[in-house]
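Trainee: I am new to this structure and would like to know what stands behind the words used for it. Could we take the terms one at a time?

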Amino acid sequence: MMKFLVRRLVHTLIVLFGISLIVFFCIRLTGDPAAAMFQGTGQPTKEALDQIRHALGLDKPLWEQYATFIGNMLSGNMGHSFRNNEPVFSLIAERMGATVSLAAGGVAVALLIAFPVGILSAVKRGGLMDMFGRIFSLAGISFPNFWLAIMFILVFAVHLHWLPASGYNGPKYLILPSLSLGLILAGVLARLIRSSMLDVLHQHYIRTAKAKGVAEWAIIIRHALRNALIPTITFLGLQLGALLGGVVILEQVFSWPGVGRLVLDAINDRDYPVVQGSVMFLSFLLMLVNLLVDISYGFIDPRIKLGRGRT
Amino acid sequence: MKKKKTKLFSAALAVLLAAAVTGCSGGNEPAAGAGSGAASGSGSGAKKDELVVAIPSDPGGTWDPIDTFTVPWATVASNIFDGLVERGEDLKLEPGLAESWTYKDPKTLEFKLRQGVTFQDGEPFNAEAVKFTFDRLLGPDGEKSPQRSNYDSIDKVEVVDDHTVVFKLKAVDPVLITKLAGYGAMIVPPKYYKEVGDEQFNVKPIGTGPFKVTDYVKDDHVTLEAYPEYWGGAPKLKKITYRYIPEATTRIAELQTGAVDIASSIPPSQASTIESDPNLTIQKAGSPTVSLIRFDVSQKPLDNVKVRQAINYAINKQEIIDTILNGFAKPISSLQGDISFGNNPDLKPYPFDVDKAKQLLQEAGVQPGTKLTFSIDGSDAVFKEVAQAVATYLSDVGLTVEIKPQDTQTMYNDLIPKAAAGSMYQFGWGGWTLDFDNTAYLLYKKGQFWNPSYSNPEVDKLLDAERSSVVQDDRKKIFFQLTQLLKDEAVDVPLYQTMTVWGVNKKVAGFVTPPDERLRLKDVSFQ
């Protein structure tokens, strides 16, 4: 286990270093933050632009800017926004709660729907329930979530007046965004659970358990579902990146003050420190989650031992 | 052992669920007014005194007047701050914190200040505050400020007595008075600023305006409360909440639910949704923002004036306004709207004339099927349609147009300045000073940032002449001459002046649609 963790840590650092290079140099290919500060209503003279570039340290050689960025990162300083001079870390921290609650709400909705639908589809294979489950999955995969979001707003907020259309102001504001995010994920997930369950249900040990007279629900939950969980959790871990992408769009539609909008605005404004800091932070988060997923295998299936049997 | 692990999983699920609920209520900052808006929208009977306004974006995390150049800032902050000079709802210049001003000589400007004015924390407004404001902007604090260059004609500000200040200028600046009504020249309180420091001032600013900031959550909302001691009289509303809602569809939905009373930036294509709602109405005003197609005159065949004129004749601008923009725009003849100083109402745009266009192209020796590239802002859905119409008009006269959607910032700040945006490119411009000066100078003067290839000594001469005079009649004549020359040269294709379109609940009274999107809400109330 220890060896595994160390190896993964080294792995993570190498990937983060690669990402830092890509983010740092790519964003610098896309335009001038000094000019972006004038945003259409402004009118930069050359002198004014030079003055701002100097004040932001953009007139220094690239390698020097990169060295400062990495040096700051290593000492835990993510830099300051070009726009409002606020520390990048506190900008992310302020918005992280909103994003996490939306992502968690989405995953919760997905799990609550996908498990019953997936399990029932597999158990009642070929029946009406299975057909419903498969249609649901296909529909879930096919709808774009921003479209679903706008439809939800029109139906539940504008016409029925049941729920608020947008904003971030208490649990009921979470319902529509979570549903929009969760339903799409639920479709894919239900399909995956169904097929893994079907695989497992054909195994010999299930037949043995049946022969021993174990109750059907116990077979399904304890024996079959447990073994079907590995691909599901792996999928969820990998899906986190896509989930964050979906969150960005939904944050726009529901005017949700999360990290997605922070990054989007920062990219538009060419606010380099904020883009660099947030991308590094999100990458780190993604890798952390995948590490946790790997570790969780051992708990779900004791046969899987980390760090061994690979070489 | 087995049971323990199943429990572990269900516990994890429970934590996830709990995080979903508490995570949300944990960040619970009551966007005041949002809820009550919905409540009274459904007819509680009591007269409302809290207004909710939806705008597309946050001003960028700072309220400091010298840090910003965004329209969302102005939409909110015009209620928080005052300048020495102000613009009324009709955009005419009028006294603000200065009661009057006189040019002692072209480089010395004296202001008599309004007496008995206080900042929202009770700090008195006086000559020291004016001096402090401009010292800050022009000193080290203003180094990163995109506002500084607007005011760099000011050498120093001298205090004569408590209510008199003199601006000593480095150079004659005919647009200075106009600029004093703008963003960076808003007067800030010296005592409060020194007390709280820059970071705190960014999020909790204080000015002399009719409303003060009480609560600000970035990317979510800002709440303002009335300042009853306001020098222009107490506001009628008690509270205003601005909510940031980036999606136009969501803004309109919120307007329909009654949670929002006023929504800005309504796309022309969605105006009918609002018009068909019995509780809502559309209000519009001509804005200073204009939309045009610029040419890269260094490229063939656009180096030939006849080709440029031909393209001007070939595009049916009125049809674009009527069909694509649903009438929410006005024709223009130069790079400025009809409310801008320097606009010549007698100068007519190129008429739509296909035959003339074809003839000019033939004279210029342009072969049918000649290819032109046309860069547009890829995030601008409306202009995408305009560009497709333009491509069709030009194909009717034998030119093939390839439309290239670009990222907004890359296009404006990278491609255009480097003359890499292709033969033609979209350009949008909001002349915030409402004086043709900055627009003309920065877009037609040789070597300016956004003018990589056009150069004409006669244009340069006129621009310099206009800048060196403070006699408005003389400047006007120069501008008329300049716009005629630019039209003859067909330097660009002025397409239309846009309109600001607002969705408003019919219960809102006294709301005047601001052409410059700077909301003035002091006299707004509910019926």
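Trainee: How do you know that strand β6 of chain B and strand β7 of chain B are joined, and in which sense do they run?

Mentor: Two strands pair if DSSP finds at least two bridges between them. Six bridges join β6 (residues 154–161) of chain B to β7 (residues 164–169) of chain B, so by that rule they pair. The two strands run antiparallel. One of the bridges is between B:Val157 and its partner in β7(B), B:Phe167.

Trainee: Where do the residue numbers and the values come from?

Mentor: This is a predicted model, in which local features need pLDDT of at least 70 and side-chain atom pairs count only at pLDDT 80 or more, while totals for chains, interfaces and linings use all residues. Residues are numbered from 1 along each chain as its sequence is written, chains are lettered from A and ligands numbered from 1 in the order in which they are written, and side-chain values use heavy atoms, with hydrogens and water left out.

Trainee: What makes a stretch a strand or a helix?

Mentor: Both are DSSP runs, numbered from the N terminus: helices are H or I with at least four residues, strands are E with at least two. β6(B) and β7(B) form a hairpin, with two residues between them.

Trainee: Which strands make up the open sheet, and in what order?

Mentor: The order of its four strands is β4-β5-β7-β6 in chain B, and the pairing is antiparallel. Why are β4 (98–105) and β6 of chain B said to stand at the edges? Each has a single partner strand, so one side of each is left without a neighbour in the sheet. On average, neighbouring strands of this sheet are turned by 20° against each other, direction ignored.

Trainee: How many bridges lie between β4(B) and β5(B)?

Mentor: β4(B) and β5 (residues 108–113) of chain B pair over six bridges, in the antiparallel sense. B:Ala98, for example, has B:Leu113 in β5(B) as its bridge partner. In general, strands of a sheet pair through backbone hydrogen bonds, either parallel or antiparallel.

Trainee: Which helix lies across β5, β6 and β7 of chain B?

Mentor: That is α4 (residues 127–138) of chain B, running at about 165° to β6(B). Axes are lines fitted to C-alpha atoms, for helices over the stretch in contact, and angles run from 0 to 180 degrees between N-to-C directions. Contact means heavy atoms within 4.5 Å.

Trainee: Why is the pair B:Asp219 and A:Arg261 called a salt bridge?

Mentor: The term asks for a side-chain nitrogen of Lys or Arg within 4 Å of a carboxyl oxygen of Asp or Glu. In B:Asp219 and A:Arg261 the closest N and O atoms are 3.9 Å apart, so the pair meets the rule. B:Asp219 lies in the loop between β8 (211–217) and β9 (221–226) of chain B and A:Arg261 in helix α11 (residues 259–269) of chain A, so the pair joins two chains. By this rule the count comes to 29 salt bridges over all chains.

Trainee: What makes B:Asp219 and A:Arg261 buried?

Mentor: Buried means under 20% relative accessible area, exposed over 50%, and partly exposed in between (1.4 Å probe, protein chains only). B:Asp219 has 3% and A:Arg261 has 2%, so both are buried.

Trainee: How far apart are the closest N and O atoms of B:Asp435 and B:Arg475?

Mentor: They are 3.0 Å apart, and the pair forms a salt bridge. It links distant parts of the chain, 40 residues apart: B:Asp435 is in the loop between β16 (424–430) and α14 (436–444) of chain B, and B:Arg475 in helix α16 (residues 472–489) of chain B. B:Asp435, at 3%, is buried, and B:Arg475, at 0%, is buried too.

Trainee: Is B:Asn202 buried or exposed?

Mentor: B:Asn202 has a relative accessible area of 3%, so the word is buried. B:Asn202 is in helix α6 (residues 190–203) of chain B, and its contacts include A:Asn84 and B:Trp63.

Technical notes:
Lists of a residue's contacts leave out its neighbours within four places in sequence.
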